[in-house]
Every structure is written in C-alpha cells, then in structure tokens.
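Subject: Structure for your review, with notes

Dear colleague,

I am passing on the structure we spoke about, and I would be grateful if you could look through it alongside the notes below.

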Amino acid sequence: MKIKLYQDDIPKNLKLGKIVAIDTEAMGLNHKRDRLCLVQLSNGNKTCHLVKINDVSKKPDNLLKILKNNNILKIFHYARFDVGILNFTYGINIQNIYCTKISSKLSRTFTDKHGYKDLCLELLNKKINKNEQTSDWGTKKITSAQQRYAATDVLYLHELRIKLNEILKREKRIEIAQACFNFIEHRVKLDLSGWPDLDIFKH
Ligand code: MN
C-alpha cells in the first residue's frame, strides 16, 4: 500500500478514474457537532490519497470536482455517514453511489457481520485492525499509524464491490441494491433535516 497525504485539497492533476473508493474521518459521528477531519480516496490500485481537512470553511475545489462528478462511481462502506457529512460540510449532493454495507446486508443474509473488517476477512481473507478508529483526527499532524488505518479503510473497497456484486447477481438482488443506493441521497436529507432515527416506512 502506498499512502499520499495532502493538506486541504488533492492536487489539481490527480487522476483517479471512473470508480473511486471514498471514506471520511471526523471528530465523532454527529454531523452537526463533529467536524470533518480527513477524506480518503483510492482508485483501487493500492495507492491511498489522504486529504487532511484543516478548515471546513475552505472549499477543496479539486476534491469537490470528483465528488460532484456523476460519471464517477463512488464506493463507500456505510455511505450514509460519509455522504451525510460531505453534504453537511460542503453543501454537495453526492450521486452515483455504491455502498458495500448495503450490498452485504442484501446478499449475505446468513450473517449479521457487515462491518468493513468482517467483509475484508470473510470475502478477501485480509486481516485489518481497527485500533485507530476512535483516535483524535482533529490534530494538524496525524500519526503514521492513523494514516495507515485511514488508508486501509479505502484500500479494499473495489475488491469488496466485485465480490459482493457476484453474490448480489447470483441471488438476483442487484436491482434492489441499486434502488437502495439511489435512495441514499434522500436518506441523508432526512438525517440532516431532523429525522435521523426514523424509519419512514415503518408502521
Ligand atoms: Mn474510516
């Protein structure tokens, strides 16, 4: 794995291709309270690009260009969180989303283990450790252990998507998965408009 760390934005000439894995780290899990600290990107070629966000009021133009490009498929694990915080922070509506957590829930119904770590182990036989998950991402300099952890979170998303799509296809659930991905932008709007815990379809 190769890690590239940038401050505030990616370089203008960085080409990541048509399928980009994305993850974010924040001070916590509450979009309105906890600021965005890091955005991780990978094109699936074992290189991870980390963007340290030092000031959320500054727009990272090159990064936003990728996020707003609807021709680029963006792979997340639990897209609802990342799409939500990126929407809240930059006012952008990310589309063309793939979520490995939703795919896993729809395809791997024999288990309730749908975490990134679980999927990496069970589908790719890769062991990853989650030790830095709850560390302080707000510091100006992040440690090399934090960088490795953050980079690993986008490292395997392309491979996971391929494995999960095989099961979804076999079980004829590609369409329902796509419908769920398409709904993420609306789920995020509900989250940010005051209905974070409501299942709107529930009786
Ligand atoms: Mn992460």
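Predicted model: local features only at pLDDT ≥ 70, side-chain atom pairs only at ≥ 80, totals over all residues.

Residues are numbered from 1 along each chain as its sequence is written, and side-chain values use heavy atoms, with hydrogens and water left out.

Helix packing

Helices and strands here are DSSP runs numbered from the N terminus (H or I with at least four residues for helices, E with at least two for strands). Helix α4 (residues 116-124) packs on helix α6 (residues 157-170) at an angle of about 70°, the two axes being 10 Å apart; axes are lines fitted to C-alpha atoms, for helices over the stretch in contact, and angles run from 0 to 180 degrees between N-to-C directions. That makes α4 roughly perpendicular to α6, a label that covers 65 to 115 degrees, while angles under 35 count as roughly parallel, over 145 as roughly antiparallel and the rest as oblique. The contact (heavy atoms within 4.5 Å) is made on the α4 side by Tyr 116, Leu 119, Cys 120, Leu 123 and Leu 124, and on the α6 side by Leu 157, Glu 159, Leu 160, Lys 163, Leu 164 and Ile 167. Sorted by class, the contact of α4 with α6 has nine nonpolar residues, no polar ones and two charged ones, where Ala, Val, Leu, Ile, Met, Phe, Trp, Tyr, Cys and Pro count as nonpolar, Asp, Glu, Lys and Arg as charged, and the others, Gly among them, as polar.

A second pair is formed by α2 and helix α7 (residues 174-192), which pack at an angle of about 65° with their axes 9 Å apart, and here α2 passes α7 in a right-handed crossing. From α2, Ala 79, Arg 80, Val 83, Gly 84, Asn 87 and Phe 88 meet Ile 184, Arg 187, Val 188, Asp 191 and Leu 192 of α7. By class, the contact of α2 with α7 has six nonpolar, two polar and three charged residues.

Ser 107 belongs to helix α3 (residues 100-107) and, at 4% relative accessibility, counts as buried, the cut-offs being under 20% relative accessible area for buried, over 50% for exposed and in between for partly exposed (1.4 Å probe, protein chains only). A polar atom of the Ser 107 side chain lies 2.7 Å from the backbone oxygen of Ser 103. Setting aside neighbours within four places in sequence, Ser 107 is in contact with Leu 164, Ile 167 and Leu 168.

Thr 89, in helix α2 (residues 79-90), is also buried, at 18% relative accessibility, and its side chain reaches the backbone oxygen of Ile 85 at 2.6 Å.

Gln 146 lies in helix α5 (residues 144-155) and is buried, with a relative accessible area of 4%. Its side chain makes a polar contact with the side chain of Ser 135 at 2.9 Å; such a contact is a pair of N or O atoms within 3.5 Å, where within protein one must be able to donate a hydrogen and the other to accept it, and residues adjacent in sequence count only if both atoms are side-chain atoms. A polar atom of the Gln 146 side chain also lies 3.0 Å from the backbone nitrogen of Thr 143.

Loop residues

Ile 53 sits in the loop between β4 (47-52) and α1 (61-68) and is buried, with a relative accessible area of 2%. Beyond neighbours within four places in sequence, its contacts include Asp 8, Arg 35 and Tyr 90.

Most residues other than glycine have a negative phi. Asp 8, in the loop between β1 (2-7) and β2 (19-26), has a positive phi near 70° and is partly exposed, with a relative accessible area of 26%. Asn 96, in the loop between α2 and β6 (97-99), likewise has a positive phi, of about 60°, and is partly exposed, at 32%.

Key
Left-handed = near helix turned anticlockwise from the far one by under 90°.
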